[in-house]
Amino acid sequence: MREVTNVMLVGVGGQGTILVSSVLSKGLVAAGHDVKMSEVHGMAQRGGSVTTQVRFGEKVHSPIIGRGGADVLVSFEAMEALRWIEFVKPTGKVIVNDQQIPSAPILAGRRDYPVGVIDMLKSKVTTTAIKATDIATQLGNPRAMNMVLFGALVEAAGLGDVEWEPIIASTVKAAFVALNVNAYRAGRRLMVH
Amino acid sequence: MIRSNSALLMSGNEAAARGAYDAGVSFAAAYPGTPSTEILESIALYKDDVMAEWAPNEKVALESAIGASIAGARALSAMKMVGVNVAADPLFSYAYCGVNGGLVLVSADDPSLHSSQNEQDNRFYAPFAKIPMLEPSDSQECYEMMRSAYAISESFDTPVLFRMTTRVCHSKSLVTPSRRSEVPLRPYVKNLDKFDLVPAVSRRLRLELEARMEKLAEFSETCDFNRTEWHDRTIGVVTSGIAYQYAREVFGDGASYLKLGFTNPLPKKLIADFASKVGTLYVIEELEPYLENHIRRLGITCIGKEKIPAVYELNPDIVARALLGTEPPVISCDTSVVPPRPPVLCAGCPHRGFFAELGKITTRLDAKRQKYMIAGDIGCYGLGGADPLNAMDLCICMGSAPSVGHGAQKVFNKFDANTRVIATLGDSTFFHTGIPALIDIVYNRSNTITCILDNRITGMTGQQDNPHTGFTLQGEPTKELSIEAVVRAVGVDHVRVINPMRLEEVDEALEEALRLDEPSVIITRWPCVLKKKTEEEKVEFRPYAECFRIDAEVCNGCGLCMQVGCPAISLDRATGRTRIDPIACNGCSVCEQTCNFGAIIRAERQHA
């Protein structure tokens, strides 16, 4: 059971966390791992905070982890990483998209977006901050930021051996294959350098 | 480790649907409800072999499945746990009849109330209704148990309760499916002694029900789904459902397990035998002490709910803390600086304009000191009660807004409390159980105002068709039921159909309804912003603009546009001006209409 790896994807409803977890899970299954993936649907999705967990290894029992369980946390939005930090192992890694999406109390001017999120993360745990949305915008579409983060995740979790590109190609719509593959490659390059 | 290529990553819902399909099911009916919705959506894909339908509510869904079963087909009905309350009447009755074709009812429970109004543990329905129950713990078990459920149903002549939970429904794990068994229709033979539940028949069936439960109790002792896993015997764990996975995660091979999958009736001998061979006995189950109560009644000492929480979901962390007293190493960090991120009505949601006006009217001060109560209902429009719209007082259960509103209005009127009640519910909710509630208002003569928020789809559960979308679950065109015609037919004389995006229209309709001293209905008609519109809808419901923007020269930062609670609008605290996100904005124009200074103007979307 020790060799199970836990990945947690967090973000805001509509950011494409589900697509990443789907690509990740497919690739892990193809690579011969036992895989469990957990997500919550319904009320939680209407612009709320969303989390997906993917666990893989020789044999996986629980589909979810508790506090201190994640080897890698990928946060699609900056302050969401902080919200879920308790779920990261002290020896784990955080990949965070350096993009701010204000929540309702912030939009309404009642709360401030927290200052210094990235620095706080870096002071607590191994953190890589990526301007994934900017990179995806340069590649042609800001929505592809999820695949930039996925590329970074592949490096952080040591999953470079899996043939990811055909899996991406078979998961996204035909018109967006090139965009998504380019975004994925950009994400991987960022982590190598 | 290389696994067989035939293993597929499936959610529990998909696996249960595939299991039902492979068991030869040919009729399935449900009302959508998280976390059960994808079961019917998945089985609906087998169009050639399975008739799959959205019913107007769970009672009708189960009844139509019962009809299919009596006619000789294997049938499935699926619903979220509160839906079983709605369907309890036919469930308890059909338990007396037994079946012709096998019948399985899925109850998808929602521990932690991710998307529900209560946290009921529906395992108790099985002993209450006196029917067998299966509890899968992962997708492979969903598949296998569903296949077996039909054999159990037909060989013991009983409907079967198939109890899932959110983490079983919505987790994906590997499944190795086999092939569909073609099950011929069992002949239908008229049999009053079995299916005509008049008291004389039911009294006899009542005895047969007890005899059947005894047979099922014997079966439970040897059923493969109740299995013992022997490892270290110092600790023994009795567990079922998803809690089994958490127990395995925490104790690994350091404990022995009695893993129960067939959990009504429970296997007394198997439990006693297991308990006698282990040291400390833990009962690890999510929510209520269902297994534990039973085990204690057998006179067996165990440790359960005195340590393991009976509220909310479990996870391995909670189980380890409760039973081992261990805490995982965690990163300590003050996260109180992170503001919450509650769900909100989408940008462009047609409910926004309606609630913005309703909130304005019901919170204004007027000379007559008129007070208001807004009765809400289950659906996205529940979010109309959140800040800053604040246009809701209560929400009890699906379809209840008109009837709860009626009772309140009668009391307010009788005791001169100077309070008007406005009930709000959605289109699908109206068809669910809102129609009899509206009849109650008309029949018993209250002046309750009913607002039917018609967004032309079942929104919250993810865009399911319903009786007035014009399409069935399997995509067939069908009669499009008119809400207005139904409302008039039940006797409401004052009916207005309005566009909720036009604030003046909303305001006028509400004011008119408030002036009336008799029942009235306002139907707000505009499709959900997430709906894939039909060709006709594209013509009828055109957005007012691609998007809007703030004219910084004109905006004086009054913040009135913030009061519509749109996620596309934000306040820049540095400049005191608002801003509209051009990508998020859907051009609904509600904020434009609230601005008193003409500072919100049409713009074109900036394409990336």
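These are my notebook entries on what I looked up in the structure above.

**Ground rules**

I am working with a predicted model, in which local features need pLDDT of at least 70 and side-chain atom pairs count only at pLDDT 80 or more, while totals for chains, interfaces and linings use all residues. Residues are numbered from 1 along each chain as its sequence is written, chains are lettered from A and ligands numbered from 1 in the order in which they are written, and side-chain values use heavy atoms, with hydrogens and water left out.

**Entry 1: aromatic pairs**

I began with the rings of Phe, Tyr and Trp (its six-membered ring), which pair if their centres lie within 6.5 Å, and which count as stacked with planes under 30 degrees apart, as edge-to-face over 60, and as tilted for the rest. The count by this rule is 16 aromatic pairs over all chains. One of them is the tilted pair of F150(A) and Y184(A), with 5.8 Å centre to centre and 35° between the planes. F150(A) belongs to helix α6 (residues 145–156) of chain A and Y184(A) to helix α8 (residues 177–192) of chain A, so that the pair links distant parts of the chain, 34 residues apart. I took helices (H or I, at least four residues) and strands (E, at least two) as DSSP runs, numbered from the N terminus.

I then looked at F124(B) and Y290(B), an edge-to-face pair with 5.4 Å centre to centre and 85° between the planes. This pair also links distant parts of its chain, with F124(B) in the loop between β5 (103–109) and α6 (125–129) of chain B, and Y290(B) in helix α13 (residues 290–297) of chain B, 166 residues apart. F124(B) counts as partly exposed at 34% relative accessibility, whereas Y290(B) counts as buried at 8%.

**Entry 2: charges over rings**

A charge sits over a ring if NZ of Lys or CZ of Arg is within 6 Å of the ring centre and within 35 degrees of the ring normal. I found R233(B) over the face of W230(B), at 3.9 Å from the ring centre, and K259(B) over the face of Y244(B), at 5.5 Å from the ring centre.

**Entry 3: strand β11 of chain B**

Which strands pair with β11(B)? Two strands pair if DSSP finds at least two bridges between them. Strand β9 (residues 226–229) of chain B runs antiparallel to β11(B) and is joined to it by four bridges, with R227(B) standing opposite K259(B). Strand β10 (residues 235–240) of chain B runs parallel to β11(B) and is joined to it by five bridges, and here G236(B) has S256(B) as its bridge partner.

**Entry 4: nonpolar cores**

A nonpolar core is a set of buried Ala, Val, Leu, Ile, Met, Phe, Trp, Tyr and Cys residues joined through side-chain atoms within 4.5 Å. The largest has 60 residues, of which L40(B), I43(B), L76(B) and I284(B) touch the most other members. Helix α7 (residues 139–156) of chain B gives the most to this core, with eight residues. Domain 1 (8–222) and domain 2 (226–324) of chain B both give residues to this core, so it lies between them; the domain bounds come from an automatic or database domain assignment.

Leaving aside neighbours within four places in sequence, I43(B) is in contact (heavy atoms within 4.5 Å) with residues including A17(B), Y21(B), V50(B) and L76(B). A second, separate core of 50 residues includes C349(B), I422(B), V564(B) and I569(B).

Methods: Buried < 20%, exposed > 50% of the residue type's maximum accessible area, 1.4 Å probe, protein only.
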